[in-house]
Amino acid sequence: MPSLDRAKLLIRDVPDFPQPGILFKDITPMLGDSQAFRDVLDSLEERLRGRAIDRIIAIESRGFIFGAPLADRLRIGLSPVRKLGKLPYQTDRIEYALEYGTGVLEAHVDAVRPGERVAIVDDLLATGGTAWAASQLVRKQQGIVAAYLFVVELRFLKGRDRLGGDVDALIDY
Ligand code: AMP
């Protein structure tokens, strides 16, 4: 297992972004460092390698950064889950609670085949609302959520309890 010390040092705290009171975990310095980024991808790959996973479901937009190379390494397909209005073909959609108000996520109607086992991937787990919404889209298409995988988890927000099942993150705060 690669050490994630370097990656952890390169995740920057940005206070009051995108709104007052939020401490934003900015992963861009980590992405800009080839060693740290590779360490993170190696660790994500290790968590899923050898498991029965048919597809990566990557959540817009930072989930794409990790989900796409991970799908390539595991030689499986990737389906994006996006915010309302971005996907061109017919979609399934779900409304979910955000910190203030609600959001809508969409997946193409053929994102998941019935019976497929998927891993839902995003950069960060906070309250779990976003990943939960993605899981509902997978279930609507009769897929099985075999794993949730995040780079960062904000443990004190207890998103893990909301998701249940197999939840894993590389770096917790
Ligand atoms: P949640 O639905 O509360 O689990 O929030 C997770 C989503 O919001 C992920 O797509 C994250 O990228 C983003 N997010 C929430 N809180 C933060 C934070 N403190 N720093 C960076 N991204 C965050």
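A residue is called buried under 20% relative accessible area, exposed over 50% and partly exposed in between, with a 1.4 Å probe and protein chains only; by this rule Arg-75, with a relative accessible area of 67%, is exposed. The structure is a predicted model, in which local features need pLDDT of at least 70 and side-chain atom pairs count only at pLDDT 80 or more, while totals for chains, interfaces and linings use all residues. Residues are numbered from 1 along each chain as its sequence is written, and side-chain values use heavy atoms, with hydrogens and water left out.

**Overall fold**

- The protein holds six helices and nine strands, where helices (H or I, at least four residues) and strands (E, at least two) are DSSP runs numbered from the N terminus.
- For 173 residues a compact globule would have a radius of gyration near 16 Å, and the 15 Å of the protein agrees with this; the radius is taken over C-alpha atoms, and the globule rule is 2.2 Å times the number of residues to the power 0.38.
- The C-alpha trace spans about 40 × 40 × 30 Å along its principal axes, and 46% of the 173 residues count as buried.
- Among contacts (heavy atoms within 4.5 Å) between residues at least 6 apart in sequence, 57% join residues at least 24 apart.

**Two buried strand residues**

- His-108, in strand β6 (residues 102-108), is buried with a relative accessible area of 17%, and a polar atom of its side chain lies 3.0 Å from the backbone nitrogen of Tyr-89.
- Not counting residues up to four places away in sequence, His-108 touches Leu-87, Pro-88, Tyr-89, Gln-90, Thr-91 and Gln-141.
- Leu-149, in strand β8 (residues 144-153), counts as buried at 1% relative accessibility, and its contacts beyond four places in sequence include Leu-44, Leu-70, Ile-120 and Asp-168.

**Backbone features in loops**

- The peptide bond from Phe-17 to Pro-18 is cis, with omega near 0°, and Pro-18 lies in the loop between β1 (12-15) and β2 (23-26).
- Glu-60 and Ser-61 are joined by a cis peptide bond with omega about -15°, and Ser-61 is found in the loop between β3 (55-59) and α4 (62-74).
- Arg-75, in the loop between α4 and β4 (77-83), is a residue other than glycine with a positive phi, near 60°.
- Lys-158 is not a glycine but has a positive phi of about 60°; Lys-158 lies in the loop between β8 and α6 (159-163) and is exposed, with a relative accessible area of 52%.

Notes:
A polar contact is a pair of N or O atoms within 3.5 Å; within protein, one must be able to donate a hydrogen and the other to accept it, and residues adjacent in sequence count only if both atoms are side-chain atoms.
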